[in-house]
Amino acid sequence: MEIADSPEAVATAGATTSPRADPDLNQTLRRRPSAATVAEFDSNANQDGNSLNDLVRDPVSDDLVGAKICDAGDAGRIGGSDGSAESVNAVQDKKGLGENDRAVDPSAAKFTYRPSVPAHRRVKESPLSSDAIFRQSHAGLFNLCIVVLVAVNSRLIIENLMKYGWLIKTGFWFSSRSLRDWPLLMCCLTLPIFPLAAFVVEKLALQKCISEAAVVSLHIVITTTSILYPVLVILRCDSAVLSGVTLMLFACIVWLKLVSFVHTNYDMRALHKAVEKGDATPSSLNTDYPHNNNLKSLAYFMVAPTLCYQTSYPRTASVRKGWVFRQLVKLIIFTGVMGFIVEQYINPIVKNSQHPLKGDWLYAIERVLKLSVPNLYVWLCMFYCFFHLWLNILAELLCFGDREFYKDWWNAQTVEEYWRMWNMPVHKWMVRHIYFPCIRHGVPKGVAIVISFLVSAVFHELCIAVPCHIFKLWAFIGIMLQVPLVLITNFLQDKFRNSMVGNMIFWFIFCILGQPMCLLLYYHDLMNRKGQLE
């Protein structure tokens, strides 16, 4: 489609021909240039003087149009790279004229802004319509939510302080009771004995001083003792709950790392024997084994932010000291925020509540909903402090390269997706040492998933029930209930085919209902236990 010799002729064509009747005009009259068009436009800048900066934005349709910026000598030249009316552009930058010397070609402007030129040229959706909402950037709305969140919570904090005063006590950070927890500290300091014992057993196995059955038996004894020893110390001592939870977390981490160390070395030994017999190719075996299986690699693994053992890890070149300092400052600030929310909001709500399974159901629901918001804040701060700040600080100090400690679990559409994304170190350990070994031994996929949740439920119960000296199996039941929730949310996701439905169900079940309920259950059982002891 050729461009007319004069702008008046083009204007007449635009006025008499509708876009619907002339598809070429609909596409070429004025359209937003594509990325390829912009690239071609800029590449020919030295030839015809056109560049992206010469495109003028239509004030009506917000499209880039081809109003030609030229001097008097170029007035009347109309054309473009594609021969369309939208490309009626030229520039006088190559002639060395300044900003004040530029002038819009009167004839081109006359054509561009004529009343007869259509203002509506194609089908468009509103930005908030269901078809376009996920294709838009919502950065401004996100900033608005942050401002509103800060404003509302600031008012609530001021109102809480005016009504109840400062409820945080020095005993929250340190008290004379903390000095009675020294047995737990000594137990924590002696935990490295178990990795050392496992390393000695592996060295004996490499030298073929003991049989494979003896190696397996010794490792079972070592790993079992590493978890039972802290449990017995906590149960024998009347320690603070926070101290007991800390020790149990360390003990569980040591146990998981020991299992990975033992399982990985067992697999490498089996591959090494298969290569010697000719049953496997050397490429399937770590070429440095067993020379790199030394105490240094084990020590690095025990302090590294991972639960999966391997003889070498991706490493970074250096430590960013300034970055580490900034993350430490953030860690201190958010830890203080968690302590403030717990002491100023959660403790008073829990103390003024009843057992959720006893008494008035409406009152219990009101307490759960009132507790859900501060509990959610604390949980999010805990996640940010541990999985983002602390693990990244540890990785930076150790030059640990793989820092995918979590994925975008907040976008999880089902409960299954959440458990696969929110705690990547544990997920990788489960997949590597529980799920796939079960699959390789012929266990059905569904049963393998149940076994994985069963292991997780046992450790959740240990980390909460042992420090509280309460064995009501609330944590165990809560984790095992995830199995039917996985099936339900998967069914709903398949039925509605809507990511927002599954995501809202996840947030409601897990954070609004589940966590506050467990908190109330354990708190009242703990208070009842203390009342019986007194």
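## Overall make-up

The model is predicted, not experimental. The protein has 19 helices and four strands. It runs to 534 residues, and 39% of them count as buried.

Contacts reach across the sequence. Among those with a separation of 6 or more, 70% join residues 24 or more positions apart. The exposed surface comes to about 30600 Å². Carbon and sulfur atoms supply 65% of that area.

The structure holds six salt bridges. Two of them involve Arg269, with Glu202 and with Glu212 as partners.

Take Glu202 and Arg269. Their closest N and O atoms are 2.5 Å apart. Glu202 lies in helix H8 and Arg269 in helix H10, so this pair ties together parts that are 67 residues apart in sequence. Glu202 is buried, at 1% relative accessible area. Arg269 is buried as well, at 6%.

The second bridge runs from Glu212 to Arg269, with the closest N and O atoms 2.6 Å apart. Glu212 sits in helix H9, residues 212–236, and Arg269 in helix H10, so the bridge links parts that are 57 residues apart in sequence. Glu212 is partly exposed, with 26% relative accessibility. Through shared partners, Glu202, Glu212 and Arg269 form one network.

Another salt bridge joins the side chains of Glu159 and Arg155, at 2.9 Å from N to O. The two residues are four apart in helix H6, which means about one helical turn separates them. Both ends are partly exposed: Glu159 has 41% relative accessibility, and Arg155 has 49%.

## The buried face of H11

Helix H11 spans residues 295–303. Its buried residues are Ser297, Leu298, Tyr300 and Phe301. Seen down the axis of H11, they fall within an arc of 160 degrees, so they line one face of the helix.

What do these buried residues of H11 pack against? Their partners are helix H8 (193–206) and helix H10 (241–277). Helices H8 and H10 also carry Glu202 and Arg269, respectively.

The N-terminal end of H11 is capped by Asn294. A side-chain oxygen of Asn294 lies 3.2 Å from the backbone nitrogen of Lys296.

## Phe459 in H16

Phe459 belongs to helix H16, residues 445–468. Is Phe459 buried or exposed? Its relative accessible area is 15%, below the 20% cut-off, so Phe459 counts as buried.

Neighbours within four places in sequence aside, Phe459 is in contact with Ile227, Cys252 and Trp255. Met248 is 211 residues from Phe459 in sequence. In space, the C-alpha atoms of Phe459 and Met248 are 9.2 Å apart.

## A nonpolar surface patch

Which residues make the nonpolar surface patch of about 520 Å²? They are Leu128, Leu141, Leu144, Val148, Val152 and Leu156.

Leu141 is found in helix H6, which covers residues 139–164. Leu141 is partly exposed, with a relative accessible area of 46%. Helix H6 also holds the Glu159 and Arg155 pair.

Technical notes:
Residues are numbered from 1 along each chain as its sequence is written. This is a predicted model: local features need pLDDT of at least 70, side-chain atom pairs count only at pLDDT 80 or more; totals for chains, interfaces and linings use all residues. Side-chain values use heavy atoms; hydrogens and water are left out. Buried means under 20% relative accessible area, exposed over 50%, partly exposed in between (1.4 Å probe, protein chains only). Contact means heavy atoms within 4.5 Å. Accessible areas come from the Shrake-Rupley method with a 1.4 Å probe; for residues, only the protein chains shown count as cover. The arc is that of the directions from the helix axis to the C-beta atoms. A polar contact is a pair of N or O atoms within 3.5 Å; within protein, one must be able to donate a hydrogen and the other to accept it, and residues adjacent in sequence count only if both atoms are side-chain atoms. Patches are made of residues with over 30% relative accessible area and no salt bridge: like charges are joined within 9 Å, nonpolar side chains (Val, Leu, Ile, Met, Phe, Trp, Tyr) within 5 Å. A salt bridge is a side-chain nitrogen of Lys or Arg within 4 Å of a carboxyl oxygen of Asp or Glu.
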